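I opened this structure to note down what can be looked up in it. The entries follow in the order I made them.

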Amino acid sequence: MTVRVLLADDQTLVREAFAMLVESAPDMEVVGQAATGRQAAELARTERADLVVMDIRMPDLDGIEATRLIAADDDLAGVKVLVLTTYDTDENIVDALRAGASGFLVKDTRPAELLDAIRTVAAGEALLSPGPTARLIERFLRSPAAPPTAGPECLSDREREVLALVARGLNNTEIAESLGLSPLTAKTHVSRIMGKLGARDRAQLVIVAYESGLVTPGGS
């Protein structure tokens with residue numbers, strides 16, 4: 001399957017460099033480029049993108065608001081957003097995750113890592129680099145914000161265990177090994193948890209787990 005990628009960044013040189021990189025991959029194609037967040041939201045729809053590589057700081061409408069527009073549009077339910085930022089300590093990343101982004105990377109990441117990140121997010125997995133994510137959560141996630149519509153209290157004990165492991169960055173296979181389950185059972189648990197919590201993807205599960213206190217930075 002070819003991943004249809006939309007690039008959103010207000011710097012033309014950055015967009016062109018990313019476009020050359022993405023087009024070099026046999027399983028990807030660039031379907032559009034946006035210089036503002038509003039253009040990104042519009043092109044995501046008209047160009048039928050699978051994934052948007054989104055810069056946070058853009059004119060007219062920033063990447064966070066553009067991500068929120070995409071996540072709130074039922075017609076764009078399958079579109080994933082991968083946020084790029086200059087610094088991994090950027091507090092706006094947490095806002096982007098809350099808005100519906102499926103992960104983030106710093107802009108100075110290696111080319112091969114960016115391509116792998118696109119594949120990971122397009123496949124429906126969250127991309128949350130453990131180090132930067134832990135620091136961001138510790139610094140910003142407990143700042144005042146609207147509470148989630150549903151919390152871990154609606155989950156069974158087993159589902160709470162699974163959610164805690166998701167929040168620590170484990171994939172389904174690792175969760176299965178940790179809890180003595182089959183990978184299919186672990187996947188089923190994750191899907192049910194997402195349904196109960198109204199989460200768009202695993203990144204949203206991480207947000208709920210930390211904001212509810214089920215998992216704490218550096219703790220369990």
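I began with the buried residues of H7, which are Glu-159, Val-162, Leu-163, Ala-164, Leu-165, Val-166 and Ala-167. Buried here means under 20% relative accessible area, exposed means over 50%, and partly exposed is in between, with a 1.4 Å probe and protein chains only. Helices (H or I, at least four residues) and strands (E, at least two) are DSSP runs, numbered from the N terminus.

Before going on I noted the terms of the model. It is predicted, so local features need pLDDT of at least 70 and side-chain atom pairs count only at pLDDT 80 or more, while totals for chains, interfaces and linings use all residues. Residues are numbered from 1 along each chain as its sequence is written, and side-chain values use heavy atoms, with hydrogens and water left out.

What do the buried residues of H7 pack against? I found H8, helix H9 (183–197) and helix H10 (202–211). Contact means heavy atoms within 4.5 Å.

I then looked at Glu-159, which lies in helix H7. Is Glu-159 buried or exposed? Glu-159 is buried, with a relative accessible area of 5%. Not counting residues up to four places away in sequence, Glu-159 touches His-189, Arg-192, Ile-193 and Lys-196.

Just after H7, I noted that Gly-169 takes a positive phi of about 95°.

**Helix pairs**

Two packed helices are described by the angle between their axes and the distance between the axes. Axes are lines fitted to C-alpha atoms, for helices over the stretch in contact, and angles run from 0 to 180 degrees between N-to-C directions.

I took H7 (residues 157–167) and H8 (residues 172–179) as a pair: their axes come within 10 Å and cross at roughly 130°. That makes H7 oblique to H8. The scale I used counts angles under 35 degrees as roughly parallel, over 145 as roughly antiparallel, 65 to 115 as roughly perpendicular and the rest as oblique.

On the H7 side, Arg-158, Glu-161, Val-162, Leu-165 and Val-166 meet Ile-175, Ser-178 and Leu-179 of H8. I sorted the residues of this contact by class and got 5 nonpolar, 1 polar and 2 charged. Ala, Val, Leu, Ile, Met, Phe, Trp, Tyr, Cys and Pro count as nonpolar, Asp, Glu, Lys and Arg as charged, and the others, Gly among them, as polar.

Next came H8 and H9, whose axes come within 8 Å and cross at roughly 110°. H8 and H9 are therefore roughly perpendicular to each other. Asn-172, Ile-175 and Ala-176 of H8 make the contact with Pro-183, Ala-186, Lys-187 and Val-190 of H9. By class I listed 5 nonpolar, 1 polar and 1 charged residues for the contact of H8 with H9.

**Cores**

How many residues has the largest nonpolar core? It has 29 residues, and Ala-8, Val-52, Met-54, Ile-70, Val-81 and Val-83 are those with the most contacts inside it. A nonpolar core is a set of buried Ala, Val, Leu, Ile, Met, Phe, Trp, Tyr and Cys residues joined through side-chain atoms within 4.5 Å. Among the elements that each supply at least two residues of this core are strand E1 (3–8), strand E2 (28–34), strand E4 (80–85) and H10. I also found a second, separate core of 23 residues, which includes Leu-165, Ala-176, Met-194 and Val-208.

I checked Ala-8, which is found in strand E1. Ala-8 counts as buried at 4% relative accessibility. Leaving aside neighbours within four places in sequence, Ala-8 is in contact with residues including Ala-34, Val-52 and Met-54.

**Loops**

Most residues other than glycine have a negative phi. Arg-48 is in the loop between helix H2 (37–46) and strand E3 (51–55), and is exposed at 58% relative accessible area. Asp-60 is in the loop between E3 and helix H3 (63–72), and is exposed at 55%.

**Whole chain**
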